[in-house]
Amino acid sequence: MAKITINGTVVKVKNGTTILNAATNLGIRIPTLCFLEEINEIGFCRTCVVEVKGEQDLVSACNTEVKNGMVIETDSKKVIDSRSKTLQLLASRHRFDCWRCPKDGMCEFYDILKEYHILFEEFGPGIARGTDLIEGSGISMDQSKCILCKRCVAVCSEVVTANVLKFRDDDGMNPFVSPTIGLNFDQTGCIFCGQCVKVCPTGTLFETDHIGRVNEMIQDPNKLVIVQVAPSVKTAIGEDFGYDIGTPIKETEGKMFRALKLLGFDIITDVAWGADLTVLEEGTELINRIQNGGTLPLFTSCCPAWVRYAELYEPEYLENLSTTKSPHIAQGALIKHYYAPKYLNKKPKDVYVVSIMPCTAKKYEIDCEGHEVDDIRDVDAVITVRGLSKMIKRQGIDFKRLDDYVPVSPLAKFTGAGAIFGASGGVTEGALRTVSEILDKKPLEKFDFKVLRGAEFKATKGVIKETTITIGGHKLNVAVVHGGAAIKEMFTRIKSGKKKYHFVEFMACPGGCVNGGGMPIVRDMPMHEVVKLRSNALYNQDSQDLPLRKSHENPSVLKAYEEFLVKPNSEEAHKYCHTHFTQKEYRNE
Amino acid sequence: MTIESRDVINLFENWILDADTKLNEMDLVKNIKTYLESQHPEICGKCTPCRDGVVRLERLLDKYVDGTATLDTLSELEQITYNLRASRCSVGLDIGKNMEVVLENNYHTLYKPVKKY
């Protein structure tokens, strides 16, 4: 224990605590900009400086450990002056176009400038550090706003472990952050998970914008715009309109559907329907592979960021990936080729499918090879949760006062198994509910696979959950893996060959889709708590609100098979719901 | 550090050891600028006060060369110099301390050409 004095208050804290933590526990807030707990504690930005008695210079609170007898001042004139000056220096190299910035009000840099009342005259016109706009199909980067906090670099190497974004300081006076110099994101090893977008304190990194083309299509009278909403979107859309994190889905779901209707979307469907379909396809694939000795383990292919990871970094395992398209792509194909022609009397090319997703990688996924049928793209645009709330606000819709709307489309009816796809472990749980019933040939009694659900995790480690389940006389080793670091760890386990796995669910974001790169940004709560609250909302919807909880009981999915796809893994199903994967080249330098 | 900058470093050592070394205004500004430029290769670009502060100091000294310096210029020069105490490593801290000595010993030289009204 160390005895320290902060702003005159004497406290005892554990050895090894940082000044920042000690002050936070006392209720003293020290402003930070580059700090990310356990991921980026480097003291680059110098806004968290404090005065320590006896030290000549100011020290950074985020990475300085307390020493016995330290006397710390966090708000002396010297400290405040220094912070103001540092902020002025940062502002002098940042391009300000706040009113049209993609960060849309969540900018930490703006807030701190406001807090310290930095005057424009003090730092001048704000000349940008760089002028490059690096584009990518999922995320893009505008270097004129970078303040060199290095958060994205830390997340890319520690959490995602892709090492795409790098801090390039060959010229120490003009360093910059970029992927491989001269290349756009698609040519590098970026998997478009969007975790960097979430941590960026300014609008430097942002998701590629599809709102413009969606609005254009909504206004086009010849196009039928069909929207499909992912289950995890419903857990978070309320957060942008004053609801608490983890608000029960039934409170905001109806309002969101009404808002979509008001925005001008013609028909509303639910990706959880596509998830039910995916369960049947993927489950059948698993059964086939187990019974006919196919390549095992079977890897899920729902997460486009993970699929890209496999295509880039583990190409020898592409055989293991389930060929089923991700739920929204499969559903998009069926909307265009089955639902619209049969029920709405529209040709596939007159239909425009928009997905609302918690994910930036889905933006990349829709343009991938193989995600088209008869030369018509399965999905035309993807909007993130942040994008949707931006659209709602722009339209002048008062979200809280909306009434509930229940979508009438058969493709909006789903089961609990489809709903939990958004939480990590949900894909496996949904698949197991179906697979075990088919193999055991009797109704499942207990279908809450609690072992696969939530776990305390560290962002830098991710989570690997393993369990063995006996189904139809087969002992299946199942694993749920999420987070980049965990994916790496899982591959060392698979390659070591000590344990034979049968089914592995991979997700690139720690916590699954509920922590995706397109979700609303939460600043004052640790990541694992946010994940827990949002996943609980999904699991509660599954156990309380939905009468049907197994995918193969979904009547409208079964009807689709009856009328169109014949049976899971049939020739038709392969045409519309399956894809293929190819190794991709990349350069990470 | 380059060979050309050695003279300037020597000069700074003189300044630090001996407060009586005085220069006229133009020479002073020129020498400080040469010194700051000589530090560029040392700067790693990681922390704000040093990376952006040093460039800002040079721009402020340019105002002296142009003859457009005002009292604000001088006070900002002072603030940025003292803000270098918030640097992350000794490169920035040393530049800051050297600049503090310069300001201490030559404040009147820098104050004289400043436009007061």
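The buried residues of helix α11 of chain A pack against α13 (361–365), α17 and β20 (503–507) of chain A. Here a residue is buried if 20 or more other C-beta atoms lie within 10 Å of its own, exposed if 12 or fewer, and partly exposed in between, with C-beta atoms placed from the backbone. Packing rests on contacts: two residues are in contact if their C-beta atoms, placed from the backbone, lie within 7 Å. Helices (H or I, at least four residues) and strands (E, at least two) are DSSP runs, numbered from the N terminus. Helix α11(A) spans residues 304–313 and is mostly covered, with 8 of its 10 residues buried. They are A:Pro304, A:Ala305, A:Trp306, A:Val307, A:Arg308, A:Tyr309, A:Ala310 and A:Glu311.

This is a predicted model: local features need pLDDT of at least 70, side-chain atom pairs count only at pLDDT 80 or more, and totals for chains, interfaces and linings use all residues. Residues are numbered from 1 along each chain as its sequence is written, while chains are lettered from A and ligands numbered from 1 in the order in which they are written.

Helix α5 of chain A (residues 151–159) is also mostly covered. Of its 9 residues, 7 are buried. These are A:Arg151, A:Cys152, A:Val153, A:Ala154, A:Val155, A:Cys156 and A:Val159. Their partners include two helices of chain A, α6 (195–199) and α17 (484–496). They also pack against the strands β8 (166–168), β9 (176–178) and β10 (205–207). Just after α5(A), A:Thr161 takes a positive phi of about 60 degrees.

Now step back to the whole of chain A. It has 20 helices and 20 strands. Its radius of gyration is 25 Å, close to the 25 Å that the globule rule gives for 589 residues, so chain A is as compact as a globular protein of that length. That radius is taken over C-alpha atoms, and the rule is 2.2 Å times the number of residues to the power 0.38. Along the principal axes, the C-alpha atoms fill a box of roughly 80 × 60 × 45 Å. Of the 589 residues, 52% count as buried. Among contacts with a separation of 6 or more, 74% are between residues 24 or more positions apart.

A:Lys12 gives a view of the exposed side of chain A. This lysine lies in strand β2 (residues 9–13). A:Lys12 is exposed, with 10 other C-beta atoms within 10 Å. Leaving out residues up to four places away in sequence, A:Lys12 touches A:Met1 and A:Lys3. A:Gly69 is 57 residues from A:Lys12 along the chain, and their C-alpha atoms are separated by 9.9 Å.

Chain B comes next. Its secondary structure comes to 5 helices and 0 strands. Of its 117 residues, 36% count as buried. Among its contacts between residues at least 6 apart in sequence, 65% join residues at least 24 apart.

Two helix pairs can be followed in chain B. Helix α2(B) (residues 25–39) and α3(B) pack at an angle of about 160 degrees, with their axes 10 Å apart. Axes are lines fitted to C-alpha atoms, for helices over the stretch in contact, and angles run from 0 to 180 degrees between N-to-C directions. The two helices are therefore roughly antiparallel to each other. Angles under 35 degrees count as roughly parallel, over 145 as roughly antiparallel, 65 to 115 as roughly perpendicular and the rest as oblique. In the contact, B:Val29, B:Ile32, B:Lys33, B:Leu36 and B:Gln39 of α2(B) meet B:Val54, B:Leu57, B:Glu58, B:Leu61, B:Tyr64 and B:Val65 of α3(B). By class, this contact has 8 nonpolar, 1 polar and 2 charged residues. Ala, Val, Leu, Ile, Met, Phe, Trp, Tyr, Cys and Pro count as nonpolar, Asp, Glu, Lys and Arg as charged, and the others, Gly among them, as polar.

Helices α4(B) (residues 71–83) and α5(B) (residues 90–111) pack at about 160 degrees, with their axes 10 Å apart. This pair is therefore roughly antiparallel. Helix α4(B) brings B:Leu74, B:Glu78 and B:Thr81 to the contact. Among the residues from α5(B) are B:Gly96, B:Met99 and B:Leu103.

Finally, the two chains meet. The contact takes 20 residues from chain B and 19 residues from chain A. On the chain B side, α3 (48–66) and α4 are the elements that give two or more residues. Helix α3(B) gives the most, with 7 residues.
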